[in-house]
Structure formats: C-alpha cells, structure tokens
Amino acid sequence: MKTLFTLAWRNIWRNKRRTLIASASVFFAVLLSLVMRSMQQGYYDYMIDASVRTYTGHIQIHGRDYWEKRSLEESMTVSSDLEASIRSLDAVEQTVPRLECFALLAKEKSTRVAMISGIVPDLENRLTGLKGKLVEGNYPDINSKGILLGEGLARRLRAKTGDEIVIYGQGYHGVTAAALVPVEGIVKFPIPDQNRTFSYMALPEAQWIFSAFDRITSISIMAKSTDAIPGIISALKKKLSDQYEVMSWKELTPELVQAIEIDNAQGLIMSGILYLVIAFGVFGTVMMMTTERLREFGILISVGMMKSRLIFVAFLETLFVSFMGVIAGSIAGLPLIVYYSNNPITLSGEYAEAILAFGFDPIIPFALNGGIFLSQAAVVLIIALFSGLYPLNFIRKIKPAEAVRG
C-alpha cells in the first residue's frame with residue numbers, strides 16, 4: 001500500500017505543469033467560494049448585531065400585551081431583586097431597562113412627534129454606543145434633567161444645545177405629560193430614521209414627566225453569544241410570571257429574519273452556479289490529466305499491473321492534487337478574510353444610500369468563521385473526488401494493445 005502512495009505522489013510531479021494546472025483549478029474554486037460565503041455570512045452577522053445593538057437587544061422582556069399595543073398602560077414594574085437575578089444568568093452579558101413612548105416636541109413654531117426613550121445612560125452606552133454618537137453638548141448621567149435629540153430632529157425643531165423645548169403627550173393612566181426641558185446634547189446616527197425621530201432622557205426624569213414612577217416598558221438583554229439565546233429564554237420563562245412576555249430578536253424583528261432568509265436563498269443559488277462552474281473546471285482538468293496518459297496506462301497494464309491498482313493510483317493522484325488546491329486556497333483566503341473582517345468594505349453612491357434606507361451602515365464586513373473554511377473546502381473537495389471517478393471508468397475500459405499503439 002505504501003508503494004502505491006509513493007507511486008501516486010511521484011506520478012503527479014512527473015508533469016509539474018499538469019499538476020499545477022489541476023491544483024490551480026481547485027485553488028481558485030476554494031478561494032472564490034470562501035470569499036463569497038464569508039462576505040454573505042459576515043453581512044448577515046452584521047445585520048443581526050447592528051439591529052440588536054441599535055434597539056432590541058438579543059432578547060426583550062415586556063409587559064404581557066405591550067409589544068402589541070405599545071402603550072404605557074402595558075408598562076411594567078421590575079424589582080431590583082428580579083433584575084439582579086436576570087443579570088446573574090451565566091449567558092447574559094448585560095441588561096438595559098427603558099421607558100419608551102411617543103410625544104410631541106415643540107420649540108416656538110416648530111413641532112415634531114418623536115419617540116422619547118428613558119434610559120440609564122451608562123447601560124445604554126454599553127449596548128448602543130450612544131455616547132460615541134454625540135456631536136454637540138454633553139452626554140447625560142442618571143440625574144440629568146435634559147434631553148438628547150437626534151440631529152435630524154434637532155434640525156427640524158431648529159433647536160441647539162442650551163435651548164429649551166416643550167414635551168407634550170399622554171402619560172401613564174391618561175395623565176397629561178407636559179414639561180419644559182433643556183437640550184443637553186445632539187447625537188448623530190448613520191440611519192436617517194433614527195436621526196429624525198429618536199430622543200433620549202435619563203430614566204428617572206422620563207418616569208417623572210410621564211407619571212410612570214418606577215415603571216419601564218422593556219428590558220433589553222444582550223447574550224454573550226447567539227447560541228445562548230434559547231437557553232436564556234427558557235430560563236427567563238421559568239423565572240418570570242405570566243404578567244411578563246419574553247421575546248427573541250427573531251420575534252422582535254421578523255422583517256430582518258425574512259430579509260436574511262431571502263438573501264441567503266439567493267446566495268445559495270449563486271453558490272450553486274459557482275459550484276457548477278467549479279465542477280466543470282475540475283472535471284475538465286481531471287479528464288485532460290487522464291486521457292493524455294492513455295499510452296502510459298496501456299504499457300503499465302501490458303507489463304502486468306492490475307487495473308484495480310492502477311485505478312487506485314489514479315484516484316490517489318486526484319486526491320493529492322485536490323488536497324493541495326484546497327489547502328492552498330484556504331491559506332490564501334485566510335489573510336484576505338481576516339483583513340476584511342477587521343476593515344469592512346465601505347460602499348458609496350446610490351448603493352450606500354439604499355442600504356442606509358434599510359437602517360444599516362453602508363459596509364460589507366467579512367465573517368471569520370472556521371465553519372466557513374471547513375464547509376467550502378469540503379464541498380470543493382467532494383466535487384474534485386467525484387471528478388476522480390472518471391479515471392476509474394476510463395482505465396476499466398482500456399484495451400492494452402490499442403492503448404500502446406496510441
């Protein structure tokens with residue numbers, strides 16, 4: 001057996017050009033499939049992460065009917081002990097309480113409807129990076145009495161830092177919510193809708209204005225990994241009573257899930273087309289390697305080499321050539337994927353505007369995931385191995401006398 005392996009290895013280097021051409025076809029196949037799938041998976045991961053970190057978190061806890069009605073009447077109270085027990089779950093990275101409602105904001109003759117989020121500033125910053133989006137003024141603390149406005153909202157209200165604006169809306173149990181508050185700062189989001197509609201206040205101040213003392217509308221939970229989400233949800237449902245509702249990011253953003261599924265289906269179709277092209281390329285190379293050696297095979301059979309052993313040697317040659325292409329393609333793809341996972345491709349022009357309209361930054365990050373390397377390399381290797389069945393049928397049909405005469 002060792003002799004056959006040695007013979008196969010020496011055979012592939014008897015014609016270095018032929019071997020390099022065969023390996024190159026597998027090399028480029030692996031490289032292209034790796035880059036394409038890494039780019040797809042990286043963008044999906046980015047969409048999910050951007051969505052949960054912008055607003056929802058991986059999991060949210062609400063009052064029973066809050067998500068359907070979006071009313072302060074469905075807000076909830078959460079004891080400090082219960083919140084601490086939620087944070088104590090091993091797979092939970094952090095929890096972020098919020099009080100969210102819509103109200104009318106006005107300054108002189110300018111009025112706009114906006115969403116006001118009562119937040120714990122330090123916790124909110126850890127989740128969404130809100131402080132890093134500050135372009136004017138100061139970031140609030142838990143005792144602040146002012147409001148942070150989105151840049152587009154501030155522009156429409158003709159408000160700047162230090163101005164005072166009127167908040168008018170409906171608080172808990174229908175109580176009128178009205179207050180005159182200073183603009184403490186202005187934040188700029190990459191997403192236009194957020195810029196036009198989002199505003200933030202310290203949670204105690206928002207609770208006071210809307211007469212929702214000690215109440216919140218949601219607790220957003222970030223998991224340490226997406227794989228831990230089902231376990232956290234299961235633990236929370238056991239821990240919480242029926243007056244609370246626990247929802248995952250998939251339930252909170254079904255549009256995002258549907259968009260990813262549609263795009264993934266399109267990506268699989270493109271991958272299938274790529275694999276088909278790869279299969280023809282690899283098969284053509286293997287066929288070339290086999291047919292040009294007809295005379296050689298005929299002589300070997302004539303001098304007494306069994307066809308079964310010759311078939312095994314030819315299969316080993318295809319295996320060696322395929323392995324070299326797969327390994328080289330994976331090694332070449334690794335630095336490229338590592339670079340673009342740390343330095344995403346930035347888009348511009350109309351395509352960038354279209355992505356911004358969907359609520360995401362115009363970038364394409366790559367996913368650095370060992371599973372991508374294994375799966376893509378395995379698919380291309382399987383294609384190469386199936387192509388290696390051609391020599392089996394070819395050698396089986398060889399008639400030595402005719403093969404030796406060419």
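Guide: Two packed helices are described by the angle between their axes and the distance between the axes. Axes are lines fitted to C-alpha atoms, for helices over the stretch in contact, and angles run from 0 to 180 degrees between N-to-C directions. Helices (H or I, at least four residues) and strands (E, at least two) are DSSP runs, numbered from the N terminus. This is a predicted model, in which local features need pLDDT of at least 70 and side-chain atom pairs count only at pLDDT 80 or more, while totals for chains, interfaces and linings use all residues. Residues are numbered from 1 along each chain as its sequence is written, and side-chain values use heavy atoms, with hydrogens and water left out.

Visitor: At what angle do the axes of helix H1 and helix H13 cross?

Guide: The axes of H1 (residues 2-12) and H13 (residues 307-342) cross at roughly 55° and come within 9 Å. Angles under 35 degrees count as roughly parallel, over 145 as roughly antiparallel, 65 to 115 as roughly perpendicular and the rest as oblique. H1 and H13 are therefore oblique to each other. Contact means heavy atoms within 4.5 Å; among the residues making it are Leu4, Phe5 and Trp9 of H1 and Phe312, Leu316 and Phe320 of H13.

Visitor: How are H11 and H16 oriented to each other?

Guide: The axes of H11 (residues 254-291) and H16 (residues 389-396) come within 9 Å and cross at roughly 30°, and these helices are therefore roughly parallel to each other. Phe283, Val286, Met287, Thr290 and Thr291 of H11 meet Tyr390, Pro391 and Phe394 of H16.

Visitor: Which residues touch the most other members of the largest nonpolar core?

Guide: A nonpolar core is a set of buried Ala, Val, Leu, Ile, Met, Phe, Trp, Tyr and Cys residues joined through side-chain atoms within 4.5 Å. Buried means under 20% relative accessible area, exposed over 50%, partly exposed in between (1.4 Å probe, protein chains only). In the largest core, of 66 residues, Ile61, Leu105, Ile147, Leu149, Ile167, Phe210 and Leu236 touch the most other members. Helix H2 (residues 16-56) gives the most to this core, with 7 residues. A second, separate core of 21 residues includes Val26, Met36, Leu274 and Tyr275.

Visitor: Is Gly171 buried or exposed?

Guide: Gly171 is buried, with a relative accessible area of 2%. Its place is in the loop between strand S6 (164-170) and strand S7 (176-187). Leaving aside neighbours within four places in sequence, Gly171 is in contact with Leu72, Glu73, Ala177 and Phe210.
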